[in-house]
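Hi everyone, thanks for making time today. Let me put the structure up on the screen, and then I'll walk you through it.

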Amino acid sequence: MAISLTVNRKKRVVDADADKPLLWVLREDLNLPGTKFGCGAGLCGACTVLLDGNAVRSCQTPIADAAGKQITTIEDVASLPVGKKVVDAWVDLDVPQCGYCQAGQIMSATALLTQTPRPTAEDIEGGMSGNICRCATYLRIQKAIRKAAGVAA
Amino acid sequence: MSIVKDREAAGAALSRRSLNRRSFLAASLAGGAVLTFDARIALAQATGAAGEPVLLTAFIRINADNSVTIGAKNPEIGQGVKTMLPMLIAEELDVAWNQVRIEQTDADDKRYGLQVAGGSTATPNNWLPMRQAGAAARAMLVAAAAKQWGVAPASLSTEAGKVIDKAGGRSMPYAALAREAAGMPVPDLATVPLKPADAFHIIGQPMQGVDTPKIVKGTPLFGIDTHLPGMLHAALVKCPAFGGTIARIDDAAVRGIPGVVAVVPVNSGLVPPGQQDAVAIVADSWWKASKAREKLVVAWDDAAQKQFSTAGYAKQAADALGAAPQADLFKAGDADKALAGATKTVTADYSYPFLAHATLEPQNCTALWTADGKLELWAPTQNPGAGRKEVAAMLGIAPEAMTIHMTRIGGGFGRRLMSDYMVLAAQVAKGVPGRPVKLLWDRTDDLRHDYYRPAGWHRFTAGLDAKGALIAFKDHFITFGADGKPIRAAEMSSTEFPAPVVPDAHLGATYLKTNLPTGWLRAPTSNAMAFVYQGFLDEVAEAAGIDLPELMRRTLGEPRELPTERKGLVFHTGRARSVIDAVCKAANWTGRTGPAKGAGDAVKGRGFGFYFSHRGYFAEVVDVTVSGGTSVKVDKIWMAGDIGSQVINPLNAEHQSQGAAIDGIAQALVWQPVVQEAGAVTADNFGDFPLLRIDAVPRDVAITWVKSDFPPTGLGEPALPPVIPAIANAIRAATGKRLRSLPLQLT
Ligand code: FES
Ligand code: FES
């Protein structure tokens with residue numbers, strides 16, 4: 001079926017099964033492979049995107065549920081003022097190792113800081129615990145979020 | 001530090017190795033002619049349009065704008081090698097780092113030398129050759145300038161991509177000299193002058209990862225991101241029990257699904273032999289192919305595999321521990337007799353489970369089989385050379401008929417040293433000739449079809465004399481093997497410390513059978529041996545009335561080299577002592593302590609661990625808090641490491657060691673055993689194979705580098721092993737309980 005949605009500020013129409021997850025629509029139909037597949041079960045956060053400003057696991061979001069909504073992915077997150085701060089902090093601290101989880105981490109961090117502009121260490125642990133980093137870049141993720149928020153490390 | 005003094009013998013051994021390595025590369029570079037070959041390419045180019053890039057050596061391209069493109073030859077799995085190897089070249093080429101562009105090379109070991117991400121080998125193997133490549137190109141550029149100016153090369157210097165004639169008051173950018181330089185004789189790599197360490201301006205500086213700016217933008221870099229025109233997608237249905245074969249396929253329902261293109265039976269092939277049958281569904285979308293799996297009916301021939309189970313191994317291991325070992329790994333004196341005469345004996349059983357790698361990027365590979373029987377692969381592989389051989393053998397094609405592009409890799413940890421996904425993708429591609437096809441596993445495939453870190457069991461006995469000295473030592477190791485030999489990654493070194501320094505010692509092994517394929521997990525064997533040996537030695541120290549650092553100092557003795565099982569590799573007791581002393585100082589270690597009170601019902605404890613692996617010496621101290629009697633949190637880690645004379649990229653060195661330490665926490669406290677029933681692994685996803693999350697991370701991992709006068713060695717692995725026993729020993733300090741099995745669980 002044809003589904004209209006707004007992805008990274010552009011109107012897009014995709015023809016896909018209603019139950020196809022947003023993750024695979026982004027990767028396969030919209031040529032936006034920055035959003036990653038890690039578990040397909042809502043357990044790792046690699047596929048995190050913003051849906052009307054909220055962080056969601058795109059592997060658990062049937063495309064029908066995204067119809068008519070605003071979607072932001074890693075490819076355009078820096079167009080958001082908070083997203084830009086997060087991305088800059090990520091580069092400054094050289095957060096990535098393999099880098100595979102980092103799109104999801106940045107999306108979750110952006111959602112966290114949008115809701116909680118001055119997070120404590122515990123807020124960060126709470127907000128980021130859905131995102132796995134197998135390379136364990138967690139110490140720098142903590143630091144980068146504080147840096148983006150302008151709170152002391 | 002005294003170890004700088006006695007490097008001579010160890011240095012001789014090390015440089016012998018480096019020399020061997022160098023002659024290997026010299027053969028492939030100068031003799032086999034990477035440099036001369038590329039110089040010829042450059043000459044051919046020189047006849048083309050001016051202003052085109054010029055190749056100098058296999059690794060360096062000088063561009064018209066005087067930027068320099070450097071080829072990164074090794075697979076990048078997040079260990080930072082794509083930044084580190086070019087740093088070595090750029091340093092000796094004498095360019096500024098901001099002039100450097102970095103490109104991943106294809107797999108071609110004749111051109112580039114060994115290309116592998118494993119064993120923390122990139123630094124020791126490339127420390128000399130990469131610098132020599134840079135220095136050779138620099139020498140050719142200097143020679144070109146000398147010729148042009150009619151002066152002696154020795155009168156010229158270089159800086160930031162320019163050749164400078166100080167006396168003549170002139171300089172020329174490399175770009176203006178490159179075409180001429182390409183025709184100059186390639187200098188002898190063994191004698192080309194290299195910079196002294198105090199002249200380094202790139203080596204030793206903190207350098208950001210080359211792909212970081214792309215990663216934060218979501219730029220496609222990984223194997224899974226490979227996208228080619230007309231590309232198809234494949235999902236797999238695998239035999240749940242390893243070694244099973246296809247008895248019957250009914251794919252009628254699948255073939256009827258719109259978008260499904262083919263159903264291809266495949267087998268991952270050679271390693272281990274015959275492993276394992278699967279059926280690939282090829283469609284115009286992976287989502288479709290994956291969903292179509294529900295409609296595929298496959299009957300498996302797997303009766304012979306059903307006997308293998310986790311419970312079965314545990315029972316066999318318990319029986320074996322009580323019997324005599326099947327094989328002797330090491331024997332000195334008479335351990336039984338010495339134990340009988342010892343003042344005190346300590347005995348304990350330790351064990352650890354099978355583990356998966358769980359790289360966050362699931363296994364995948366893209367392949368194109370062309371009409372003329374050639375194969376092109378886009379592979380996230382740590383080991384392209386082995387992949388090439390296995391694919392060639394399985395498909396019956398010549399290794400040269402294959403082009404292998406290396407992608408960035410979403411985590412390796414040893415999983416991608418194996419080549420099964422390449423072999424499978426190649427077979428699928430052969431089933432749909434002329435169309436590229438990307439094979440992708442889902443998480444369940446990935447957890448159930450790994451090459452697992454093997455489980456193991458140990459029964460230790462140690463004897464102390466009246467003064468508390470360790471005089472007798474025994475370990476009966478139950479592991480997995482075939483034909484009286486351990487299978488991959490299931491071995492133990494015959495020189496496992498402290499056996500070689502105890503007067504009466506015996507290491508024995510018994511081998512159980514398994515159908516699970518086994519493989520190397522980051523710091524292979526060491527991640528398990530560090531836990532059991534340093535955990536048990538902490539018990540021995542306690543019996544002797546001292547702490548583990550002190551037992552280690554006494555047992556290590558005077559600074560000297562001990563031979564290891566690996567030829568050319570020595571264990572230097574002085575280097576071990578120096579990191580032990582350094583970490584005790586950094587953490588303000590004050591000896592064995594009992595529990596300290598924390599908030600509420602919480603208790604705190606401190607533990608120590610040391611391990612030598614992958615040529616790196618690491619000692620670590622861990623503070624833990626135990627709350628509610630069962631919940632363990634690591635509060636802080638101190639580590640001291642000796643990886644030789646030079647930390648090449650201090651920024652990445654910190655990332656690697658912190659990441660390794662946290663990976664150690666995961667193995668100690670978070671990861672659950674991989675369970676096998678009726679021949680098949682049961683793990684389904686990150687629910688039953690949980691990975692460590694941000695809330696389990698300590699607030700700080702502090703690192704002290706102990707510099708020594710030895711060639712630099714690698715850092716992907718050696719910081720990991722000591723964390724695991726340090727946590728177990730800290731839990732003992734906090735609670736009085738000895739946990740001897742992984743994961744560490746207080747009940
Ligand atoms: S892929 Fe969606 S949460 Fe893991
Ligand atoms: S950087 Fe590798 S998984 Fe996070």
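Before anything else, a definition: when I say contact, I mean heavy atoms within 4.5 Å. And please keep in mind that what you see is a predicted model.

With that in hand, let's begin with chain A. Among its contacts with a separation of 6 or more, 57% join residues 24 or more positions apart. The secondary structure consists of six helices and five strands, and from the N terminus on the order reads β-β-α-β-β-α-β-α-α-α-α.

How does the radius of gyration of chain A fit a compact globule? A compact globule with 153 residues would come out near 15 Å, and chain A has 15 Å, so the two agree. The C-alpha trace of chain A spans about 50 × 30 × 20 Å along its principal axes. Of the 153 residues in chain A, 60% are buried. Chain A exposes about 5500 Å², with carbon and sulfur atoms supplying 50% of that area. As for charge, chain A carries 17 positive and 15 negative charges, and their mean positions are 7 Å apart.

Now over to chain B. Here we have 19 helices and 31 strands. The radius of gyration of chain B is 28 Å, close to the 27 Å from the globule rule for 747 residues, so chain B is as compact as a globular protein of that length. Its C-alpha trace spans about 80 × 75 × 50 Å along the principal axes.

Buried residues make up 62% of chain B, and 77% of its contacts with a separation of 6 or more are between residues 24 or more positions apart. Chain B exposes about 26400 Å², 54% of it from carbon and sulfur atoms. There are 76 positive and 71 negative side chains in chain B, and the centres of these two sets lie 2 Å apart.

Let's go inside. In soluble globular proteins, nonpolar side chains tend to be buried together. The largest nonpolar core has 183 residues, and B:Phe608, B:Phe610 and B:Ile727 have the most contacts inside it. Helix α15 of chain B, residues 526-543, gives the most to this core, with ten residues. Apart from this core lies another one of 47 residues, including B:Ile102 and B:Ala145.

What does B:Phe610 touch beyond its neighbours within four places in sequence? Its partners include B:Gln534, B:Met552, B:Phe571, B:Tyr617 and B:Pro722.

Terms used:
Residues are numbered from 1 along each chain as its sequence is written. Chains are lettered from A and ligands numbered from 1 in the order in which they are written. This is a predicted model: local features need pLDDT of at least 70, side-chain atom pairs count only at pLDDT 80 or more; totals for chains, interfaces and linings use all residues. Side-chain values use heavy atoms; hydrogens and water are left out. Helices (H or I, at least four residues) and strands (E, at least two) are DSSP runs, numbered from the N terminus. The radius of gyration is taken over C-alpha atoms; the globule rule is 2.2 Å times the number of residues to the power 0.38. Buried means under 20% relative accessible area, exposed over 50%, partly exposed in between (1.4 Å probe, protein chains only). Accessible areas come from the Shrake-Rupley method with a 1.4 Å probe; for residues, only the protein chains shown count as cover. Lys and Arg count as positive and Asp and Glu as negative; His and the chain ends are not counted. The place of a charge is taken as NZ of Lys, CZ of Arg, CG of Asp or CD of Glu. A nonpolar core is a set of buried Ala, Val, Leu, Ile, Met, Phe, Trp, Tyr and Cys residues joined through side-chain atoms within 4.5 Å.
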